[in-house]
Amino acid sequence: MHLILFFIFAGFCLAGAINLLLQSHPIASALSLIVVMTSLAVLYLLLGAEFLAAAQVIVYAGAIMVLVTLVVMLLNAGREERTHGSHAAWLVGFPAVATILAVIATVILHLQRMGVAKLGDGITSTAELGTVLFTRLLLPFEVTSVLILIAILGAVALARRGNGEGTAGK
Amino acid sequence: MNGILHLWLIPLLPFAGFLLNGILGRKLPKWLVTTVALAAPLAAFGVALGAAVSFSASNSLPWVETLPFAWINIAALHVNFSFVLDQLSLVMLLVVTGVGFLIHVYSVGYMDGDEGYARYFSYLNLFLFFMSVLVLAGNALMMFIGWEGVGLASYLLIGFYFQKKSAADAGKKAFIVNRIGDVGFLFAMFLLVANFGTLTFTEIAAKLGQCSGWTGGVVTVIALCLLLGAAGKSAQLPLYIWLPDAMEGPTPVSALIHAATMVTAGVYMIVRMHVLFNHSPFALGVVALVGAATALFAATIGLAQNDIKRVLAYSTISQLGYMFLACGVAAYSAAIFHLLTHAFFKALLFLAAGTVIHSLGGEQDLRRMGGLWKKLPVTFAVTTVGVLAIAGFPPFAGFFSKDAILYAAFLQQPHGRVLWAVGVVTALLTSFYMFRLWYMAFLGKPRSSDAPLHESPWSMRGPLVILAALSLGGGWIGIERTDGWLNMERFTSFLAPVVGAKSVAGGGARLELELSAIAVGAALLGWLVAYLFYRQSSTVPARLAAALPHGYKLLANKYYVDEIYGATVVKPLLGFSKYILGWVVEVGVLGGAAWLLAGSAKFVGAILQYWQSGNLRSYAAWLAVGAAAVLLFLLVPWATAWPATLDFVWKATGH
Amino acid sequence: MNSLFAQEVPLSWYLMLSAILFSLGVVGFLIKRNLITMFMSIELMLNAVNLSFVTFARQWSAVQGQLFVFFVMVVAAAEAAVGLAIIISVFRARATLAVDKLDRMKL
């Protein structure tokens, strides 16, 4: 059961990712990314991370991607133009990526003590998460809340009308 | 008698005078500058005189003073600041400070009204400081300090009227030619350190004394190097060219530095190192040869000069040649004796010439002088004394010293007679041109313009009179009567503890008498010829010059030596500097290297500039490359991967 | 058939998936010319990493792995907010979202 589910949803991930690359309209890419994220949420469930699965759907797919879609629609971004702006990206970047993938893949394949995941096993309860979060990782937790505050302020300041508008169109 | 000497005062007092007048001179009133300038040499002379009185008779010479802090202490070489007073340096010191003081007094009158008055006296005091350091030095390095310092003072004083290009050039020439000689001195010091391990004169003499059979070899090389240095400083062939040009300086400077004291430093140095020279007969021969050749050479040039100071300059070179000749035949006391008497009469002659020039308002050409004996009687009288002294007439001072030199030369084996003959011919020539000067300047009809003439003030006449008295009687102090004839035994025995006594074979009073007679006869002959040429009729010299135009031109143009040097040495050097060093090295190599460095940085920068395209995607690509590189480096176990890869490739290619 | 309905999946397969997703994200960053799409590729990369964290958390039964993912999500959210605000500013200034046209930061 686990295996089938894994294959299906891993397939969705990959399909979504590849579709993201192939589409020329950003809104299509955004929707593909939402597919990837929800598939990943299911994979988290399969691995026993219930809370994370929920958070993934709520935060990532539900908030971040919505924001992205909003911006796409706000800016009325159209299809991409095919420009040949960078040869380096193709000539240099692709081999690099291939190398990265090859190295990581080789390492993964040589890992010797990786176990297996069983469906229904090793489910992490939210209480467990919460305990560690609010005791040992309390400081990072508080710091991230400050971080979010700063991000809000920054976003508001940047996106305000009157910020960098004078040079548009010149 | 055990007195306490403070030798260090002797250099120090003039140095203090130099500092005071040099730094504050322009703001001080003239009487103060004069007082400071005169007090220094007088005080130094006083100390030297005191030393002479209290020490010369006793056995406490040599007196050595060493400053309490060491100078060089490297491995086995120890050099200190040491001052040594012995009979030799005492004689030199008295000459330097005594004649120096007289010339200072003379300068007060001569330089009166000159705007560089304080500067002049500060330089003069500086000279005295360095000269006394040179004379009192106990080791070669100290002497070198004085050596270089007097060269510096000479440069400053020759170029005193620095706004005149010829004066500035003359100063440069003097310094540069001196420096060429100094290379010899330096080399000699290097060799001394390498072979003797010490630069102190007494230690060198002791080491040489231990190996008495050691002649030639390194000692000859050292001696020849020292000769080069002495030739530069004392204006011998081939480095004499700076001395005639040095007449651009004020006349008292010519008197002090280029007649009485600085140019004698070379002779002094040779006498100081006489132990070294004694161990190298070859070097001594070279010294004698150089001296004799210079004496004759300079005398011939002096025949045709028309500038009064140039005549005296060439006569100085010639007389220095005599001193070198004396050193070359190992008659060191004779050389020093001649140094002493020469200081007197040459300073006198220069100062008298200065008076003439001063009175005529700057005229230096003999052809435009004449008939001055009426208007400048005192100057005429003292000049007569000086001329008689330099020509070598008894009982004036020059007679005894020149005689002693010729006598020692005659007795020298194996070629002494040739040297003697050269000396006699030179004496003839000397007498001729000095009397020529005397006739042209003072006697005959006045040829100068009718400007009002006046005798100089007593500050100028006083030293002249004193020097004249010394020129007359200065020789008597060194002589005594032995074997029925007067010779310089007293002087020789005075200096004997330092320079040793030379035993001459085949001498004798009768030979000495004969030789003296010949020398005096030569001098008389010269006077006669000069009388015929310049007193009786004044067309003979012109006709002679017309009859031998090339000969006359050669002499009048100083054998074109300066031009030869200019073409063979100076011009190639300048060309080398300008073209090879200036263009090839400076522009090509150095400029090229700098250009290359900067250019390559620019070049690399220009290439790298294309990398910074502003394009986000190419930046991202390079980021990915970097990440891949880091991953590769970290995750691949290179120690085992490389052989494994090689194995893989080996097998994959079908082996 | 039985094997298809197996209850176990080797964890290294999850890691492999994560690696592939990550490289796809890098490729997307390299080839896409729209700013927003590039930003989305970054999010894809982050998600891939999240997956591997969860996998390792499962491997070693360590809750910290999942908590790290939690923090990654928070930071990603903040980053998204600020990043999109920047994209909006850039669009206002340059009226274009094509990355190739935004190359003024060069010599």
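Tutor: Welcome! Two residues are in contact if their C-beta atoms, placed from the backbone, lie within 7 Å. The model is predicted: local features need pLDDT of at least 70 and side-chain atom pairs count only at pLDDT 80 or more, while totals for chains, interfaces and linings use all residues. Residues are numbered from 1 along each chain as its sequence is written, chains are lettered from A and ligands numbered from 1 in the order in which they are written.

Student: How many residues does chain B give to its contact with chain A?

Tutor: Chain A brings twelve residues to this contact. The number from chain B is 14.

Student: Which residues of chain A does B:Ala628 touch, leaving aside its neighbours within four places in sequence?

Tutor: B:Ala628 sits in helix H26 (residues 616–635) of chain B; helices (H or I, at least four residues) and strands (E, at least two) are DSSP runs, numbered from the N terminus. With 21 other C-beta atoms within 10 Å, B:Ala628 is buried. A residue is buried if 20 or more other C-beta atoms lie within 10 Å of its own, exposed if 12 or fewer, and partly exposed in between, with C-beta atoms placed from the backbone. Its contacts are A:Ala96, A:Thr99 and A:Ile100.

Student: Now to chains A and C. How many residues of chain C are in contact with chain A?

Tutor: On the chain A side there are 79 residues, divided into 58 nonpolar, 16 polar and five charged. Among the elements giving two or more residues to that side are helix H1 (2–22), helix H4 (87–110) and strand S1 (116–118) of chain A. Chain C answers with 65.

Student: What is the bridge partner of A:Ala117 in S1(C)?

Tutor: S1(A) and strand S1 (residues 8–10) of chain C run antiparallel and are joined by three bridges. Two strands pair if DSSP finds at least two bridges between them. The partner of A:Ala117 is C:Val9.

Student: Which residue in the turn between S1(B) and S2(B) has a positive phi?

Tutor: Strand S1 (residues 63–74) and strand S2 (residues 77–85) of chain B are antiparallel, with eight bridges, and B:Thr66 stands opposite B:Ser82 in S2(B). The two strands make a hairpin with two residues between them. The positive phi, about 45 degrees, belongs to B:Ala75.

Student: Are H15(B) and H18(B) roughly parallel or roughly antiparallel?

Tutor: The axes of helix H15 (residues 332–359) and helix H18 (residues 397–411) of chain B come within 9 Å and cross at roughly 150 degrees. Axes are lines fitted to C-alpha atoms, for helices over the stretch in contact, and angles run from 0 to 180 degrees between N-to-C directions. Angles under 35 degrees count as roughly parallel, over 145 as roughly antiparallel, 65 to 115 as roughly perpendicular and the rest as oblique. So H15(B) and H18(B) are roughly antiparallel.

Student: How many residues of helix H11 of chain B are buried?

Tutor: Helix H11 (residues 265–272) of chain B is mostly covered. The buried residues include B:Tyr268, B:Met269 and B:Arg272. Out of eight, the number buried is eight.

Student: Is B:Tyr560 buried or exposed?

Tutor: B:Tyr560 lies in the loop between helix H24 (549–556) and helix H25 (561–609) of chain B. Most residues other than glycine have a negative phi, yet B:Tyr560 has a positive one of about 55 degrees. With 12 C-beta neighbours inside 10 Å, B:Tyr560 counts as exposed.

Student: What is the omega of the cis peptide bond from B:Leu237 to B:Pro238?

Tutor: B:Pro238 lies in the loop between helix H8 (218–233) and helix H9 (242–245) of chain B. Most peptide bonds are trans. The bond from B:Leu237 to B:Pro238 is cis, with an omega near -10 degrees.

Note on methods: Ala, Val, Leu, Ile, Met, Phe, Trp, Tyr, Cys and Pro count as nonpolar, Asp, Glu, Lys and Arg as charged, and the others, Gly among them, as polar.
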